[in-house]
Amino acid sequence: MAGSSGFPRYRPRRLRRTEGLRRLVRETEISAADLILPLFVAPATGVRTPVSSMPGVDQTSVDELLRDAEQAHRLEIPAVLLFGIPESKDELGTEGYAQDGVVQRAVRALKRELPELIVITDVCLCEYTSHGHCGVLQGDTVDNDETLPLLARMAVSHAEAGADIVAPSDMMDGRVGAIRSALDDRGFASVAVLAYSAKYASAFYGPFREAADSTPQFGDRRGYQMDPANAREAMREAQQDLLEGADMLMVKPALPYLDIIARLRAETEYPICAYHVSGEYAMIMAAGERGWIDTDRAMREALTSIKRAGADMIISYYAREFVRR
Ligand code: PBG
């Protein structure tokens with residue numbers, strides 16, 4: 001790295017003097033186009049139930065969801081990510097892949113009302129199973145291979161409803177390949193797969209589980225989600241997902257895993273998405289409510305760091321608020 005002779009000839013503060021100079025040399029900028037807004041869709045109509053641990057986030061019925069999506073669209077946020085809260089749950093999570101399931105209905109309504117808005121759907125059984133695990137149980141463990149066809153069915157049902165991108169978050173082995181094949185066989189070659197490649201077994205999903213009502217009834221998800229201690233394993237997961245046909249890779253959560261984002265950025269030319277998850281959002285919002293932190297500045301700094309680390313796009317509950325300000 002060649003430079004000048006150092007201080008006092010070199011003074012980094014020269015380029016920090018005014019906002020004009022700072023803007024000129026700014027390396028990372030986030031715009032609406034980088035953001036994806038997650039939304040939680042519930043049955044019935046006229047429903048808007050606030051999620052207590054996530055200020056500004058609601059569970060909504062399809063009619064109300066359309067308003068939120070419309071706002072996002074007007075703010076030029078290109079995409080929404082849908083999670084479903086089903087009417088009823090069972091052992092096999094059947095509402096997850098029902099043609100008239102809550103997410104499938106929401107996708108149809110969104111595609112009818114806002115055809116340009118990109119609709120991404122979460123593909124995972126945990127919101128739909130009575131036990132709250134991400135797949136079919138065999139005794140106390142989730143049976144990987146029995147779960148794959150159900151995930152594939154779910155992805156196809158989302159594609160039939162009009163989803164542009166399906167995002168498997170279950171962490172079963174082989175799910176990207178199973179989903180890709182099922183989509184191709186059913187004539188949905190143009191539906192993309194956003195793989196949650198490096199999804200860690202994280203404490204930061206706590207508030208989401210309230211929002212999606214998906215807390216496991218026993219045990220935890222460490223048998224299928226990744227160990228927070230592992231980085232090389234994330235590279236193997238990503239490589240495998242690409243071999244199976246993933247179009248984009250995801251790292252989740254974001255802030256505790258910036259090293260994973262940066263490393264993935266260095267090792268792949270594929271688009272990288274980062275999920276700034278519920279717990280990361282809730283921490284900043286809670287500290288802001290207490291007056292301990294400036295919410296907007298902290299959120300901006302967090303999102304900027306995620307993009308700086310190498311993410312092309314960020315899933316954020318703060319997306320609308322970010323663009324509004
Ligand atoms: C479903 C899923 C989870 C999240 C996204 N998809 C929860 C989990 O794995 O327990 C978490 C998102 C967030 O915390 O914002 N498997």
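A salt bridge is counted here when a side-chain nitrogen of Lys or Arg lies within 4 Å of a carboxyl oxygen of Asp or Glu. The structure is a predicted model, in which local features need pLDDT of at least 70 and side-chain atom pairs count only at pLDDT 80 or more, while totals for chains, interfaces and linings use all residues. Residues are numbered from 1 along each chain as its sequence is written, and side-chain values use heavy atoms, with hydrogens and water left out.

In general, side chains of opposite charge can pair when their charged atoms come close. Helices (DSSP runs of H or I, at least four residues) are numbered from the N terminus.

In helix α1, which spans residues 19–25, Glu19 and Arg22 sit three residues apart, so about one helical turn separates them. These two residues form a salt bridge whose closest N and O atoms are 3.0 Å apart. Solvent exposure is described by relative accessible area (buried under 20%, exposed over 50%, partly exposed in between; 1.4 Å probe, protein chains only). Glu19 is partly exposed at 38%, and Arg22 is also partly exposed, at 33%.

Helix α1 also holds Leu24, a residue that is exposed at 70% relative accessibility. Together with Leu15 and Val25, Leu24 makes a nonpolar surface patch of about 300 Å². Such a patch is made of residues with over 30% relative accessible area and no salt bridge, with nonpolar side chains (Val, Leu, Ile, Met, Phe, Trp, Tyr) joined within 5 Å and like charges within 9 Å. The accessible areas come from the Shrake-Rupley method with a 1.4 Å probe, and for residues only the protein chains shown count as cover.

Moving on to helix α2 (residues 62–74), Glu70 and Arg74 lie four residues apart, about one turn of the helix. Their salt bridge has its closest N and O atoms 3.8 Å apart. Glu70 is partly exposed at 33%, whereas Arg74 is exposed at 58%.

A further pair is found in helix α8 (residues 258–267), where Arg263 and Glu267 are four residues apart and hence separated by about one helical turn. The closest N and O atoms of the Arg263–Glu267 salt bridge are 3.8 Å apart. Arg263 is partly exposed at 32%, and Glu267 is exposed at 53%. Beyond these pairs, salt bridges with shared partners link Arg48, Asp58, Glu64, Arg67, Asp68 and Arg320 into one network.

Terms used. Helix = DSSP H or I, 4+ residues; strand = E, 2+ residues; numbered from the N terminus.
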